[in-house]
Every structure is written in C-alpha cells, then in structure tokens.
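Here is a short report on one protein chain. Keep the sequence and the structure open while you read.

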Amino acid sequence: MTRQRAPLDLREILQHLTRSERTESYASLLWRSLKEDAGLLVSQGIRNSIAGSLLVPRVVRWLIYRMTGLEIDTFKVREECRINNNHVAVGAGTSLNRACYFEGSGAVRIGRDASIGPECAFITSVHDWDADGVLSHPRYLPITIGDRVWLGARVLVLPGAVVGADAVVAAGAVVRGSLRAGGVYAGVPARWISDRVPDAANINRVAGARAGEGDTHETEA
C-alpha cells in the first residue's frame, strides 16, 4: 500500500522558500514574471489583436509597429502576424506573409527585399540543463536573415540561426546554424541542395543546349 505524504503547512512552505538554493529569489522571479506579463499584454493587445487584424490597412499596421518600438521599414506585412518580441527589425522592401510568429527576446534581423512565406516562425529562446537535470530560465540567441532571402511557407528558424543573402529555404524546413549565401536548402534540419544562381559555366552550358535543340548531332562538353 502506497503511503500518502501529508500536505505541507504554511510554516513548512515558508521554510522551503527560505532554504531554496536557486540563484534567483522567488521575489525577483515574481517581479520578472509580472514585467514579462505586462509586456505580453502590450504586444498581444496592440500588435497582435489590433495591428494583426485583417481590417487594419497595412500602412496603419506599420505605424502601430513603429509606435511600439519595432524597427520595421516595410509596409508589406500581412494580417495575423504574432510579434511577441520587442527586438524585431525588418528591412525595406521585405514581405512578411500572413501569420508569421516572432518569439522571445533575442534580436531578429531580416534584411532588405526578402520574402518570408506564410506561418514562418522565428524562435529565439533556449533552455539549458543544470547539474540536477532541471531546465534553467530561458536565454535568448539572435537570428539574422540576409537581404533577398526567400523562406517558404512554415519555415521554422531556431535560435542563433544565420541565413546568408540570396538564400532560398524550402517550405517546412527547420533552420539551425548558418546557411551560406546563395544556397538552396530543404529538410529537417535544412541542408544544402543546390545554388540559387548557377555559375557561369552552367549558364553557358544551358544556353548552348537550348540553342542546339533543333540539331541532331552531339557536341563535346
């Protein structure tokens, strides 16, 4: 028969709190949680519920983002985006499709003239395990997306990821680490598939093949 443990009384609870070996006191943890909740209230109430509405014109949406401290330099932000991160910067000419999600407190920097597909997510928070196997409080790593990058629908970008300029990431891929400029990537995790722009030799080879489509003889490579 399993012995049931008696519930702690108030005195035992207070003793447990005072003997806690946590690096952060419960009072400071409570205060930090209250501040985080207040910040979420602003972001979700203004940026998401109001600015994210389909009824709000894109110019007004941009003004709300700017007024709430986001460095967004483009009007091309579709509805239902959830920006729960105060450190988001998006370059001029970049397009954010509908229902993109920005999480945490790590800086998310997206360059100019990029194309971000619908429901892409940018996650900046990570947790570490302590010696007792307990998850620590989150820490945040930045994300950098270069100029003219194309992210397909539902791409998940993990903390600390860097995507070089002119790269393409296929729909549904999970991005971690660094993706070099000009590459085409797909998969979980995203892996290099090809180059976005072929080299001069390939361009000439393709052009020559097209020019000789009507010929019946073979040419040397």
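## Salt bridges

Arg148 is partly exposed, at 38% relative accessibility. This is a predicted model. Arg148 forms a salt bridge with Asp166, and the closest N and O atoms are 2.7 Å apart. Asp166 sits in the loop between β14 and β15, Arg148 in the loop between β11 and β12 (150-151), so the pair ties together parts 18 residues apart in sequence. Asp166 is partly exposed too, with a relative accessible area of 27%.

The structure holds 10 salt bridges. One of them joins the side chains of Arg98 and Glu119, at 3.8 Å from N to O. Arg98 lies in the loop between β4 and β5, and Glu119 in the loop between β7 and β8 (121-122); the pair therefore ties together parts that are 21 residues apart in sequence. Arg98 has 26% relative accessibility and counts as partly exposed. Glu119 is partly exposed at 32%. Another salt bridge pairs Arg139 with Asp128, with 2.7 Å between the closest N and O atoms. Arg139 is in strand β10 (residues 139-140), while Asp128 is in the loop between β9 (125-126) and β10. Salt bridges with shared partners also build one network from Arg78, Glu79, Glu80, Arg98, Glu119 and Arg154.

Val90 stands opposite Ile110 in β6.

Strand β15 (residues 168-169) and β18 run parallel, joined by 2 bridges. Val168 has Val184 in β18 as its bridge partner.

## The core

Which residues have the most contacts inside the largest nonpolar core? They are Phe102, Ile110, Ile116, Phe122, Leu151, Val157 and Val175, in a core of 34 residues. At least two core residues come from each of α3 (58-67), β3 (88-90), β6 (108-110) and β11 (143-145). In soluble globular proteins, nonpolar side chains tend to be buried together.

Take Val157. Beyond its neighbours within four places in sequence, Val157 contacts Ala121, Phe122, Ile123, Ile143, Ile145, Leu151 and Val175.

## Loops and backbone

Pro159 lies in the loop between β13 (156-157) and β14 (162-163). Not counting residues up to four places away, Pro159 touches Ile123, Thr124, Ser125, Val126, Leu141, Pro142 and Ile143. Pro159 and Gly106 are 53 residues apart in sequence but 8.0 Å apart in space, C-alpha to C-alpha.

The peptide bond from Val188 to Pro189 is cis, with omega near -5°. Pro189 is in the loop between β18 (183-186) and β19 (191-195). Two residues other than glycine have positive phi: Ala99, near 65°, and Asp113, about 55°. Ala99 lies in the loop between β4 (95-96) and β5 (101-102). Asp113 is in the loop between β6 and β7 (115-116), and is partly exposed at 45% relative accessibility.

## Confidence

The chain averages a pLDDT of 82, and 75% of the residues score at least 70. Over residues 203-221 the pLDDT is below 50, and this stretch has 1 contact in the model beyond near neighbours in sequence.

Notes: Residues numbered from 1 in each chain as written. Predicted model: local features only at pLDDT ≥ 70, side-chain atom pairs only at ≥ 80, totals over all residues. Heavy atoms only, no water. Core = buried A, V, L, I, M, F, W, Y, C linked by side-chain atoms within 4.5 Å. Buried < 20%, exposed > 50% of the residue type's maximum accessible area, 1.4 Å probe, protein only. Helix = DSSP H or I, 4+ residues; strand = E, 2+ residues; numbered from the N terminus. Contact = heavy atoms within 4.5 Å. Pairing = 2+ DSSP bridges. pLDDT = per-residue confidence, 0-100. Salt bridge = Lys/Arg side-chain N within 4 Å of Asp/Glu carboxyl O.
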